[in-house]
Amino acid sequence: APQRAVISYEDVTELREKELAYQKWSQYFEVEQKDCIGYYEYNLTKDTLDSRENTRPQEHFEELGHFTEAVRYVADHLVFEPDRSSYLRVFDRERLLLRYYAGEKEARLEHRRRRRDGSLCWVLGVIQLIADPYTSDIKAFILLKDIDRQKQKKLAQKELMERDTLTGLFNRRTLLKRISAVLEQSEQGRRHALIMLDIDWFKQLNDNYGHQFGDQVLRDISNALKENLRRDDLCGRLGGDEFIIFLDDIAESHAIERRLASICGAVAQTYENKADISCSLGAACYPDDGVRFEDLYRRADLALYQAKELGRNRYVIYQPGMERCGQGEA
């Protein structure tokens with residue numbers, strides 16, 4: 001009797017690609033689990049937990065079967081508060097699903113978490129978004145790695161790059177960048193003050209007592225400025241004996257004068273058998289005297305020159321019409 005065979009072909013390219021992608025990332029996370037804090041698999045489509053492995057004690061939390069519940073719990077109990085909003089944004093279930101359908105298959109976030117003893121630790125959260133090859137549900141593979149040592153080293157290097165080596169204040173580049181950022185993001189109705197400060201007769205101090213003494217004066221004045229400023233204020237050294245101070249969010253114009261008088265008094269130094277040190281300050285106010293750094297800097301410089309012309313060891317706030325007609329000695 002005749003023998004017959006029916007052969008059919010089906011395009012399984014899409015299914016095979018999903019299988020390969022799933023296997024690839026499964027193998028990757030299998031390797032990476034060895035030194036991780038936690039490894040989780042969630043079904044984002046169904047908002048359920050598939051598995052959790054290799055979690056260290058600080059990552060243990062009550063069994064929560066839903067991805068959204070777990071994210072909220074971690075945010076409230078483990079994530080350092082300043083990083084909480086970014087954590088919730090990156091780990092948001094709906095955002096992750098939108099990210100996947102937009103063609104993005106990975107999300108990463110460096111953030112700080114609290115250990116069991118309350119200390120902070122930098123953690124890298126890696127989320128891989130993969131479609132289950134058999135159900136088409138979107139899976140989230142979440143890997144948490146302790147990167148505290150590497151992150152602290154990186155932050156220390158960045159800090160060194162941003163600071164003046166002699167005084168520990170911000171260097172010129174960093175200071176200008178940070179002040180400009182505050183001005184660009186400043187809300188309507190807020191007031192700020194940009195202050196230029198020069199040490200009176202600093203050249204003569206170096207000539208009479210040597211550069212080592214001059215460096216000590218720079219350090220002492222820098223320390224006095226740090227103690228006199230608030231957390232959100234900015235202060236840096238432009239070079240030589242020139243400093244810039246940025247007072248953030250001054251409530252009223254009279255408060256600027258009080259702050260200037262306080263700074264002027266705080267930086268005054270007396271060195272026995274050597275010299276009495278004083279400084280001259282010039283200030284310009286945002287937004288009255290300008291909204292850009294360049295405008296505030298130029299007008300604060302005019303006010304500083306006026307302070308020197310009036311005898312030094314004083315502060316002057318910029319007034320419209322000030323003209324610089326000569327050069328004073330630094």
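## K151 and its partners

In this predicted model, the side chains of K151 and E110 are joined by a polar contact of 2.7 Å. K151 belongs to helix 5, which covers residues 148–162. With a relative accessible area of 13%, K151 counts as buried, because the cut-off for that term is under 20%.

Apart from neighbours within four places in sequence, K151 is in contact with E110 and W122. E110 is part of strand 3, and W122 is part of strand 4.

Strand 3 spans residues 106–114, and its side chains alternate between two faces. A107, L109, H111 and R113 point to one face and are buried.

Strand 3 runs antiparallel to strand 4 (residues 120–131), and 9 bridges join the two. R112 has W122 as its bridge partner in strand 4. The two strands form a hairpin with 5 residues between them. In the turn, G118 has a positive phi of about 90 degrees.

## Helix 10

Helix 10 has 17 residues, 293–309, and at 1.5 Å a residue it should span 24 Å. Its end C-alpha atoms are 24 Å apart, so the model agrees with that expectation. After helix 10 comes G311, with a positive phi near 120 degrees.

The buried residues of helix 10 include F293, L296, A300 and Y305, and also D295 and K308. The elements that the buried residues pack against are helix 6, strand 6, strand 8, strand 11 and strand 12.

Terms used. Residues numbered from 1 in each chain as written. Predicted model: local features only at pLDDT ≥ 70, side-chain atom pairs only at ≥ 80, totals over all residues. Heavy atoms only, no water. Helix = DSSP H or I, 4+ residues; strand = E, 2+ residues; numbered from the N terminus. Buried < 20%, exposed > 50% of the residue type's maximum accessible area, 1.4 Å probe, protein only. Polar contact = N/O pair within 3.5 Å; in protein donor to acceptor, adjacent residues only side chain to side chain. Contact = heavy atoms within 4.5 Å. Pairing = 2+ DSSP bridges. Expected span 1.5 Å × (residues − 1).
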